[in-house]
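Trainee: Please take the aromatic ring pairs as one part of this model and go through them closely. I would also like the setting in which they should be read.

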Amino acid sequence: MVRALHVTARVRWVLGPMQLPMCYEVAATVVMFHKVGETANVEGVDEELIERLARGELAALDALYTRYSRPVFSLALRVLGNSADAEEVTQDVFERVWRHAPTFSAERGRFGTWLLSMTHHVAIDSVRKRQRRPQTVSGEAAEHASRTLADMRADVADATMQSLQAQQVRRALRSLPESQQQAIELAYFGGLSHLEIAAKLGDPLGTVKARIRRGMDRLRSALEGFGVEGDIS
Amino acid sequence: MRDEHVDDLIDLYALGALEPDEQGAVDQHLDECGRCRALLAQAKELVLLLAWTPDQHDPPPALRGRVLRRVEQLQRLDGDDARPWWQRFMTGLDGWTPRLSVGLAGAMAAVLLVVGLRMVRLQDEVQSLRVQLQEQQLVVDVLRSPDSRLVSLAGQPGAPGGRAQLLLDPKGRRAYLVTSELEPLAPEQTYQLWLIADNKPVSMGTFQVGDAGVARIVVQADKPLQQFQAVGVSIEPAGGSPQPTNVILLNQI
Ligand SMILES: [Zn+2]
């Protein structure tokens with residue numbers, strides 16, 4: 001907790017992109033042959049909308065809402081479990097989009113990634129607040145973190161790639177052994193630590209850790225060739 | 001000294017599934033290991049994709065209007081450049097409206113004092129008692145004024161959290177601040193208290209918090225408190241800053 005705070009402050013002072021090396025190599029030709037998802041970012045539409053929003057055009061926010069309210073709401077709903085809370089988070093997220101539009105356009109990031117990452121943080125924060133659990137990442141830190149993520153290499157075909165990968169990941173996730181899928185989902189959508197997951201499921205300590213790692217490894221190999229896997233030497 | 005690589009914990013770290021102490025250990029390693037940072041970056045990429053995997057549902061149609069109306073409202077507020085920076089900051093505090101409890105005295109203040117006093121660590125009992133007496137005297141003095149009021153400082157949802165209450169007599173120069181649930185800070189950081197007059201923040205000193213995030217501070221201003229418009233708490237590098245950089249709590253006086 002202390003550490004998270006520390007990071008918050010440091011990031012706010014530096015106000016520049018943190019160094020998060022991103023290994024995200026993609027075979028662009030593969031992308032061309034796949035169906036484009038509804039939130040695909042064709043020809044930098046998102047960037048243009050963000051720029052217009054930064055100039056104060058609310059019609060641009062309307063357009064972004066049309067493009068992204070579905071995945072944002074769905075993620076919030078998955079985390080929070082009820083529509084009312086998910087709506088609140090969705091509203092909060094689009095308000096932040098408006099607020100951060102001026103800085104975002106400067107960063108030329110991937111909007112969809114940034115948006116959903118922010119949605120996840122806001123939703124998890126909200127769940128933890130409801131459970132009165134200490135927050136390991138503050139909302140503000142989360143925001144900065146997600147803005148940093150937006151600074152990842154933008155040479156990827158953005159949402160086209162994302163929606164394509166989402167299908168792959170969804171399939172891969174659902175093909176995992178039940179227990180691995182459950183552990184990963186409780187961590188990501190439930191905001192739980194491995195100890196909390198173990199307690200919830202009545203599993204021995206260590207088991208959950210191993211399950212998560214095995215599950216993530218399987219996801220990784222299932223998605224090999226889609227840019228998720230990279231070589232570290 | 002470089003510790004062992006943390007491969008086993010990278011995925012859990014990226015998922016946010018580590019316990020705080022484990023996370024701290026990994027953070028330390030990451031600070032000095034580029035290899036593991038690169039692994040983490042990859043793991044985060046994978047984790048990010050999970051965001052797109054839930055079953056997809058459309059939000060209720062009415063939500064669009066609510067979102068747009070709310071932002072329109074905020075845009076109007078932000079367009080009003082006549083407002084000082086700290087007021088603009090406060091409208092940025094989502095869903096939080098300034099609360100001002102004018103004249104709310106006795107009960108609340110008594111509770112405040114009791115809570116504050118109970119939390120204190122009695123390391124030096126005599127000194128502590130003396131301080132308590134001074135504080136009690138201050139609270140009594142403030143309460144004696146018919147204008148005394150209690151100002152609640154709240155933070156941003158999702159921000160580090162914590163609360164503070166400022167008991168003051170607008171005509172006086174001294175006030176009493178009690179915080180609760182503020183995170184303990186790393187040694188290289190400190191909390192700093194500010195009063196804001198004519199858009200200029202004036203430092204009222206730095207402080208750390210004890211158990212339960214409690215700190216009790218006697219505020220001594222150089223002019224009557226009614227000449228200040230706002231009170232705030234920020235997180236600063238150890239020793240404090242000339243200007244607040246990371247304001248976490250704020251309200252109008
Ligand atoms: Zn390492």
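Mentor: Start with burial: a residue is buried at under 20% relative accessible area, exposed at over 50% and partly exposed in between, using a 1.4 Å probe and protein chains only. By that rule, 52% of the 253 residues of chain B are buried, and in chain A buried residues make up 55% of 233. The model is predicted, so local features need pLDDT of at least 70 and side-chain atom pairs count only at pLDDT 80 or more, while totals for chains, interfaces and linings use all residues. Residues are numbered from 1 along each chain as its sequence is written, chains are lettered from A and ligands numbered from 1 in the order in which they are written, and side-chain values use heavy atoms, with hydrogens and water left out.

Helices and strands are DSSP runs numbered from the N terminus, helices being H or I with at least four residues and strands E with at least two. Chain A has 11 helices and 0 strands, whereas chain B has 7 helices and 9 strands. Contact means heavy atoms within 4.5 Å. In chain A, 71% of the contacts with a separation of 6 or more involve residues 24 or more positions apart.

Now the rings. A pair of aromatic rings is described by the distance of the centres and the angle of the planes. Rings of Phe, Tyr and Trp (its six-membered ring) pair if their centres lie within 6.5 Å; planes under 30 degrees apart are stacked, over 60 edge-to-face, and the rest tilted. The count is 5 aromatic pairs over all chains. One of them joins A:Tyr65 and A:Phe94, whose centres are 5.0 Å apart and whose planes stand at 55 degrees, so this pair is tilted. A:Tyr65 belongs to helix α4 (residues 58–80) of chain A and A:Phe94 to helix α5 (residues 83–107) of chain A, and the two are 29 residues apart. Both A:Tyr65 and A:Phe94 are buried.

A:Tyr68 and A:Phe111 make an edge-to-face pair, at 5.1 Å centre to centre and 70 degrees between the planes. A:Tyr68 lies in helix α4 of chain A and A:Phe111 in helix α6 of chain A, so this pair ties together parts 43 residues apart in sequence. A:Tyr68 and A:Phe111 are likewise buried. Ring pairs also bring in A:Trp114, giving a cluster of A:Tyr68, A:Phe111 and A:Trp114.

Helix α6 (residues 111–131) of chain A has 21 residues. From first C-alpha to last, α6(A) spans 30 Å, close to the 30 Å expected, where the expected span is 1.5 Å times one less than the number of residues. Since 17 of its 21 residues are buried, α6(A) is largely enclosed by the rest of the structure.

A:Leu53, in helix α3 (residues 45–54) of chain A, is buried at 2% relative accessibility. Beyond its neighbours within four places in sequence, the contacts of A:Leu53 include A:Leu61, A:Leu64, A:Val97 and A:Trp98. A:Leu53 and A:His100 lie 9.6 Å apart, C-alpha to C-alpha, across 47 residues of sequence.

In chain B a ring meets a charge instead: the charged end of B:Lys223 sits over the ring of B:Phe228, 5.1 Å from its centre. This rule asks for NZ of Lys or CZ of Arg within 6 Å of the ring centre and within 35 degrees of the ring normal.
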